[in-house]
Amino acid sequence: MKILVAVKRVIDYNVQVRVKEDGTGVVTDNVKMSTNPPDDNAIEEAVKIKESGKAKEVVAVTIGEDKAQETVRKALAVGADKGIHVKVDGIIEPLAVSKILQKIVEKEKPDLVFMGKQAIDDDCNQTGQMLAALLNWPQATFASKIEIKDKSLEVTREVDEGLETIQTNIPSIVTCDLRLNEPRYASLPNIMKAKKKPLEQINVSDLGVDTKPRIEQIKVEEPPKRKAGIKVASVEELVQKLKNEAKVI
Amino acid sequence: MSVLLIAEHNNKEIKPFTLNAITAASQIDQDLHVLVIGHSCEAVAKSISEIPNVKKVIHVDDAVYENYLPENFTPVVIKNSENYSHIICSANTFGKNLMPRIAALLDTSQVSDIIKVISADTFLRPIYAGNAFATVKSTDAKKCITIRPTSFDPAPTTGGTAEIVKAEKAEASDLTKFIKREEVKSDRPELGTARVVISGGRGMGSGDNFKLITAIADKLNAAIGASRAAVDAGYITNDHQVGQTGKVVVPDLYIAVGISGAIQHLAGMKESKIIVAINKDGEAPIFSVADYGLEADLFEALPQFLEELNKLNTIQK
């Protein structure tokens, strides 16, 4: 079995994001970038399945500018066998990403495609479901547990009501929740070894996919600020304030 | 053109967030039709027909739709989508799972999780865990939109008399089988719609210690929330998680206990009307969004809090 994992380079989750003064986006210059957190869970799960003997190969793919390669190198350093970087500059929407991934799936012929359930930059939560639609594959979104059966997967999904378990035929798309596993860190020797693993570069123009944005970003602004609160000295004062000032209890 | 909203329900009752999505949908266009897909869900179709904002209900009923699998719902929506300018549903796990599958097949770039309708093609949506708001304009002829339910008031539920039209089922898929759903039953208000929410974080130290929170929740008729750290640590189940990848809540009162206030948690609660933070670390980022901050050991503060509440003659429910 072969597993393709899609990874995205985003502003690190610990960075306090700032809006550009001209309203065209957020500040990315000199800002720490990392792999989208649930994409790390996707890689970890694929590598664990390979280590258990149920998969032979793990391929990591990313889409973006040159620096996006860092996320693939990181995936290689924690156990992926091969990397693919689809080079594209500028904003690329989930619909276009899923069309690019469709081409990569047709080329690589994986049995499973894993990715994070949501990217923490645009918070769209679309790509996995869209790719599943384009391929006419089943989708197991928000996965917190994956079991490989004979020709199917049994996936536990985190939903608003609690947990849901579904069975999907293979081939299948799985989008991963942060609780799926605990991603490992890359050791220094493995980071060195990863530099020798194959990383294929593909120009998006060679894939014949229309990536023109369909959504115009008119402006990006700071959300309204909350007015500064106060510190209370005691529980008694807190309850009095909630009762008599805020009038919420 | 009219707008088509996909109802979320459990075959018996409409889910509350559908009402918020209906409000948003009718801001886009008054000619709002609702698609009810399910199994033996006549009662749901009927109750939706009584919502004054709804002009028509399309009801598709078959056993294959009992468990709302997107592989089966999508062909029904596509089949019924022709005459609509917008396809809409709520941005909870139901809509997040379903809508992109529809959008991809309609070759539409979906606009996720909108918090405001500016015009029929322009919307406001949070990005970067709510640290920025983007105004976006969709240029696709047919638009797929998901609605952040807590940003819109629920629609009224009585007084309407929309016609109910039965429609044929679409081709069924065997790609996915439903196995089970483990719903956490509770007599408390739902987290997403509760007037008061009290949440615990890693500072709670154990699942057992959440009883301190439960006691106060009982007193205030509050829903119980949690930070991701508390869920990861196994103190409480995932359906309680508030934050960027959990639930978004906007109660009148949000009480954060032993929660440091990571960006990802703030994304789920910082629009609450009044925020209280109880934390022993005076430098915790949660205090920067709190209207009332109490720097204290929660194991002392929570029992005192309950005691003070017990002294009050009346408590709002």
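Two strands count as paired when DSSP finds at least two bridges between them. Keep that in mind for the close-ups of this predicted model.

**View 1. Strand β1 of chain B sits beside β2 of chain B.** These two strands, β1(B) and β2(B) (residues 32-38), run in the parallel sense and share 4 bridges. To find one spot along the pairing, look for I6(B), which stands opposite L35(B) in β2(B). Now follow the chain: β1(B), helix α1 (residues 16-28) of chain B and β2(B) make up a right-handed β-α-β unit.

**View 2. β1(B) also pairs with β4 of chain B.** Here the partner is β4(B), residues 84-90, again parallel and with 4 bridges. L5(B) has I88(B) as its bridge partner in β4(B). How many of the 5 residues of β1(B) are buried? The count is 4, so this strand (residues 2-6) is largely enclosed by the rest of the structure.

**View 3. Chain A meets chain B.** Zoom in on where the chains touch: 65 residues of chain A are in contact with 73 residues of chain B. Several elements of chain A give two or more residues to this side, including α3 (94-108), α4 (127-135) and α6 (235-245). Which element gives the largest share? That's β9(A), with 8 residues. Sorted by type, chain A's side has 30 nonpolar, 15 polar and 20 charged residues.

**View 4. A strand pairing links the two chains.** β13(A) and strand β16 of chain B (residues 292-295) pair in the parallel sense over 3 bridges. Check K231(A), which stands opposite G293(B) in β16(B).

Technical notes. Residues are numbered from 1 along each chain as its sequence is written. Chains are lettered from A and ligands numbered from 1 in the order in which they are written. This is a predicted model: local features need pLDDT of at least 70, side-chain atom pairs count only at pLDDT 80 or more; totals for chains, interfaces and linings use all residues. Two residues are in contact if their C-beta atoms, placed from the backbone, lie within 7 Å. Ala, Val, Leu, Ile, Met, Phe, Trp, Tyr, Cys and Pro count as nonpolar, Asp, Glu, Lys and Arg as charged, and the others, Gly among them, as polar. A residue is buried if 20 or more other C-beta atoms lie within 10 Å of its own, exposed if 12 or fewer, and partly exposed in between; C-beta atoms are placed from the backbone. A crossover is right-handed if, with the strands pointing away from the viewer, the path from the first strand over the helix to the second runs clockwise.
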